[in-house]
Amino acid sequence: MITREQLEQYQIWIYLVVLSIAAILGLSAPTLMSVLDHQILISIVIAILMFGMFTQIPFLQLKQSFGNRRFIMALLVANYIAVPIVVWGLSQLLPQQAPILLGVYLVLLTPCIDYVIVFTHLGRGNEKAILLATPILFITQMMLLPLYLWLFMGKQAAAIVNPAPFIESFLMIIVLPLILAIGIQLLVRKVASRGQWLVEGSAWIPVPFMALTLFIIVSSQISKLSMYGHIIIYVIPIYIAFLCLMPWITKWIVRWFQLDIASGRAVIFSTGTRNSLVVLPLALSLPDQWSTIVAAIIVTQTMVELVGELIYIRIIPQLVLRDRA
């Protein structure tokens with residue numbers, strides 16, 4: 001019988017297999033797979049995924065998260081100063097159309113809080129430091145994303161984004177799972193013997209539900225990529241350029257804060273890995289004429305990023321930030 005540790009160890013390959021199957025089904029039977037193209041279904045699956053991930057994030061250890069101040073400062077500077085500057089610069093190379101810009105901004109301005117931990121571990125980085133920092137990354141990105149959208153798009157964003165569906169999606173996929181997860185963590189703290197099984201049980205959720213989420217999203221959305229090929233052809237080079245630039249830019253930030261090698265790699269993985277699954281329901285809550293375009297842009301980033309991460313786990317420890325002799 002497979003253990004949870006084995007499931008987590010091989011999760012990247014599980015995701016790649018699932019993505020391949022989803023892509024084949026989505027392209028060969030788009031009508032059948034379109035049944036899965038439902039905002040409520042996607043939101044529910046992601047909400048369960050978020051709950052599983054949130055129960056594993058040490059929200060009750062926020063004080064401990066700030067223990068490594070230089071690491072946290074480097075993480076915040078890299079994700080919320082360096083990344084927005086790079087994203088804004090790259091966006092100038094795109095057609096200046098609001099839905100295209102919105103899709104790219106949504107996905108590239110939000111740092112990953114889930115499988116970045118796995119990639120950091122595979123890339124010989126300090127995954128524990130990233131794990132402890134996830135509550136901070138989660139809170140800060142939710143606070144700063146509206147600010148960056150306003151700075152970068154101004155009235156364009158206001159004209160497209162209807163706050164009501166955004167708020168509904170945010171409450172369903174973020175706030176509700178977060179409250180439940182923190183409630184369970186508080187219960188375990190008070191009655192460890194009775195509540196520990198809840199945390200251990202929920203620890204099985206992330207990998208299968210991440211795979212299910214990727215399957216639903218890719219199989220139901222990939223046929224739309226051909227419909228918007230004239231747009232996708234512009235964003236793919238932007239995503240590749242982002243993946244190529246961020247490790248080297250972040251390397252200088254890591255040196256500036258004088259982090260150790262493992263912690264430095266963790267910051268590099270954080271800046272290169274984005275939070276596409278969390279922002280996708282926000283994209284699907286957009287008006288009909290924009291939601292499919294923005295969703296296609298976000299799904300494209302997920303597929304490009306997974307390939308990029310497999311390259312990251314090789315080149316970051318061997319080329320970008322090598323062990324000191």
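Tutor: Helices themselves are DSSP runs of H or I with at least four residues, while strands are E runs of at least two, all numbered from the N terminus. Bear in mind that this is a predicted model, where local features need pLDDT of at least 70 and side-chain atom pairs pLDDT 80 or more, while totals for chains, interfaces and linings use all residues. Numbering runs from 1 along each chain as its sequence is written, and side-chain values use heavy atoms, without hydrogens or water.

Student: How do you know that the length of helix α4 agrees with its number of residues?

Tutor: Helix α4 covers residues 39-56, which is 18 residues, so it should span 26 Å; its end C-alpha atoms are 26 Å apart, so the two agree.

Student: What makes Val299 buried rather than exposed?

Tutor: Buried means under 20% relative accessible area, exposed means over 50%, and partly exposed is in between (1.4 Å probe, protein chains only). Val299 has 3%, so it is buried. This residue sits in helix α17 and, neighbours within four places in sequence aside, is in contact (heavy atoms within 4.5 Å) with Ile217, Val218 and Gln221.

Student: Why is Met153 called buried?

Tutor: Its relative accessibility is 6%, so Met153 counts as buried. Met153 belongs to helix α9 and touches Ala98, Leu101, Leu102 and Tyr105, leaving out residues up to four places away in sequence. Ala211 is 58 residues from Met153 along the chain, and their C-alpha atoms are separated by 33 Å.

Student: Why is Asn68 called partly exposed?

Tutor: Asn68 has a relative accessible area of 35%, so it goes in that class. You'll find Asn68 in the loop between α5 (62-65) and α6 (69-91). Its C-alpha atom is 9.8 Å from that of Leu132, 64 residues away along the chain.

Student: What makes the phi of Arg124 worth a look?

Tutor: Most residues other than glycine have a negative phi. Arg124 isn't a glycine, yet its phi is positive, about 60°. Arg124 is in the loop between α8 (116-122) and α9 (127-153), and counts as partly exposed at 41%. Gln258 also has a positive phi, near 55°, without being a glycine; its loop runs between α14 (229-256) and α15 (261-272). With 60% relative accessibility, Gln258 counts as exposed.

Student: Which residues have the most contacts inside the largest nonpolar core?

Tutor: Phe54 and Phe71, in a core of 112 residues. A nonpolar core is a set of buried Ala, Val, Leu, Ile, Met, Phe, Trp, Tyr and Cys residues joined through side-chain atoms within 4.5 Å. Helix α17 gives the most to this core, 13 residues. Phe54 is among the buried residues of α4. Not counting residues up to four places away, Phe71 touches Ala129, Ile130, Ala133, Leu259, Ser263, Ala266 and Val267.

Student: What makes a nonpolar patch on the surface, and which residues form it?

Tutor: Patch residues have over 30% relative accessible area and no salt bridge; nonpolar side chains (Val, Leu, Ile, Met, Phe, Trp, Tyr) are joined within 5 Å, like charges within 9 Å. A salt bridge is a side-chain nitrogen of Lys or Arg within 4 Å of a carboxyl oxygen of Asp or Glu. Here the patch is Trp248, Val307, Ile311, Ile315 and Leu319, with about 440 Å² of accessible area together (Shrake-Rupley method, 1.4 Å probe, only the protein chains shown counting as cover). Four of these residues, the largest share, come from helix α17 (residues 288-320).

Key. The expected span of a helix is 1.5 Å times one less than its number of residues.
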